[in-house]
Amino acid sequence: MTVSVALFTQDLRLHDNPVLYAARAAADQVVPVFVLDPAVEAAGFSTPNRQAFLADCLADLDASLRRIGSRLVVRHGDAAEQTARLAEETGAVSVHVGAGVSAFAQRREVGLRARLGDRLHVHDAVLTVVPAGRVTPAGKDHYAVFTPYHRAWQRVPRRAVLPAPRSLGSPPAVRGEDLPTASAASPALPPGGETAGRARWRKWDVDAYADVHDALADDGTSRLSPYLHFGCLSATELVVRALERGGEGAEAFVRQLAWRDFHHQVLAARPDAAHRDYRTRHDHWQHDEREAEAWRQGRTGYPIVDAGMRQLAHEGWMHNRARLLTACFLAKSLHLDWRIGARHFLSLLVDGDVANNQLNWQWVAGTGTDTRPNRVLNPLLQADRYDPDGAYVRRWVPELRHVQGRAVHRPWLLADRPDYPDPIIAPDTLADRLRHARGLD
Ligand code: FAD
């Protein structure tokens, strides 16, 4: 009997999983393994919200594997070392893993290769639809601008969607640790796992997406980001299903998945962009811990900003429009270093992702891939436009729940002042700073 090892990383699913599919094709029995690597914790990446979501994902994966007569082997330690040890214990002919893009994933692959040599098979188009580096502009190793990337991305032939395996052979007869458990920091975290992710996709209305995706109070986006981050859902499968359905909503949704691929290919080529300016503008950020803390706590006195920050704390997730305007407020109104904001987002986001978080932060701060690095988002205009009736603010800022309509966005103008912080920077100063950031003075 031949044995192969399938090392799960950011692909915690049975459906459309090229790693599992190839491992099955290579041997009579597949040993599915997930390694809890202390290096992830040491890097500060293993936060309570993501640990809790991951625990759900692994429990769901194990249950699904058991339904087809297998089970998940959990190990603790260095991922490369533990996987190589498991390959020795089981006499595996091959080990299969998905290609990653972060510095951590790249180091893991080097470690696996050093130990396993050509028994290691790295599969691409597992994490993203188009593998990082598959399309590049002439003479460059990655695209730095989204629009031409998107055009090239649309032309790449997509691999076929793979079925979930019906069997992986007999269950592995090796030692494994208990499945992890963890408590979330945010009380309203979504449930993790492939089963929950597929249920969410079935329930969500993609047709309305083009019209409602920016409306803060409508909450009409897919909320699939954590499932994509942990690979409970395959981005390729979502693109194929959305395009089969067709229509403006599906097209707009597929474009967002191209943004995800775009950031992944930037990070694969420039792993240091996780910490360093992708394109430095020699900004001299201010240091003001009091302002940074007011922003983190959702007490800036700008209700639309505070609403976003409080949604993040409560759900471990924030609407994209709120991410944009809260990030812009930190970087371009308070003029604090984008890394301060990115770190706070990563500490709470259940979808917290090095590629998407750091590179979106850089995009907003003007140090990243935005072709208009002086772009600013005025929080008051954003509020009027994307929360015209104030319903999003009233949902997240209870101190202002009694204020009707869009007056909720400027509480400092109310005759009856609510018990709510004064603006951290005066509205006139805010306007001056945004003018300055735009390069207009
Ligand atoms: P939908 O609107 O339904 O979009 C579908 C999918 O497309 C998302 O699940 C996501 O995988 C992808 N996507 C959408 N917008 C973007 C984008 N701008 N960049 C990359 N991929 C995108 N996304 C993360 O997954 N993890 C992060 O850590 C993260 N941090 C962010 C930080 C900032 C400052 C900003 C401005 C954006 C960040 N995003 C991040 C991107 C985006 O806000 C989220 O992906 C989106 O809000 C998730 O909600 P959804 O699943 O309902 O998205």
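In the predicted model, the centres of domain 1 and domain 2, taken over C-alpha atoms, are separated by 24 Å. The protein as a whole is divided into domain 1 (3–125), domain 2 (128–158 + 196–269) and domain 3 (289–437), with bounds from an automatic or database domain assignment.

Residues are numbered from 1 along each chain as its sequence is written. Because the model is predicted, local features need pLDDT of at least 70 and side-chain atom pairs count only at pLDDT 80 or more, while totals for chains, interfaces and linings use all residues; side-chain values use heavy atoms, with hydrogens and water left out.

Domain 2 and domain 3 both give residues to the shell around the ligand, so the ligand lies between them. Of the 28 residues around the ligand, Tyr209, Thr221, Ser222, Arg223 and Asn320 come nearest (a residue is near if one of its heavy atoms lies within 4 Å). The shell comprises 13 nonpolar, 10 polar and 5 charged residues (Ala, Val, Leu, Ile, Met, Phe, Trp, Tyr, Cys and Pro count as nonpolar, Asp, Glu, Lys and Arg as charged, and the others, Gly among them, as polar). At least two shell residues come from each of α9 (225–229), α11 (248–269), α14 (320–333) and α16 (354–365), and α11 gives the most, with 6 residues. Helices are DSSP runs (H or I, at least four residues), numbered from the N terminus.

Polar contacts are pairs of N or O atoms within 3.5 Å. A polar side-chain atom of Gln256 lies 3.0 Å from a ligand nitrogen, and a backbone N or O atom of Asp351 lies 2.9 Å from a nitrogen atom of the ligand. A side-chain N or O atom of Asn356 is 3.2 Å from a ligand oxygen. Of the 820 Å² of accessible area that the ligand has on its own, the protein covers 98% (Shrake-Rupley method, 1.4 Å probe).

Terms used
A polar contact is a pair of N or O atoms within 3.5 Å; within protein, one must be able to donate a hydrogen and the other to accept it, and residues adjacent in sequence count only if both atoms are side-chain atoms.
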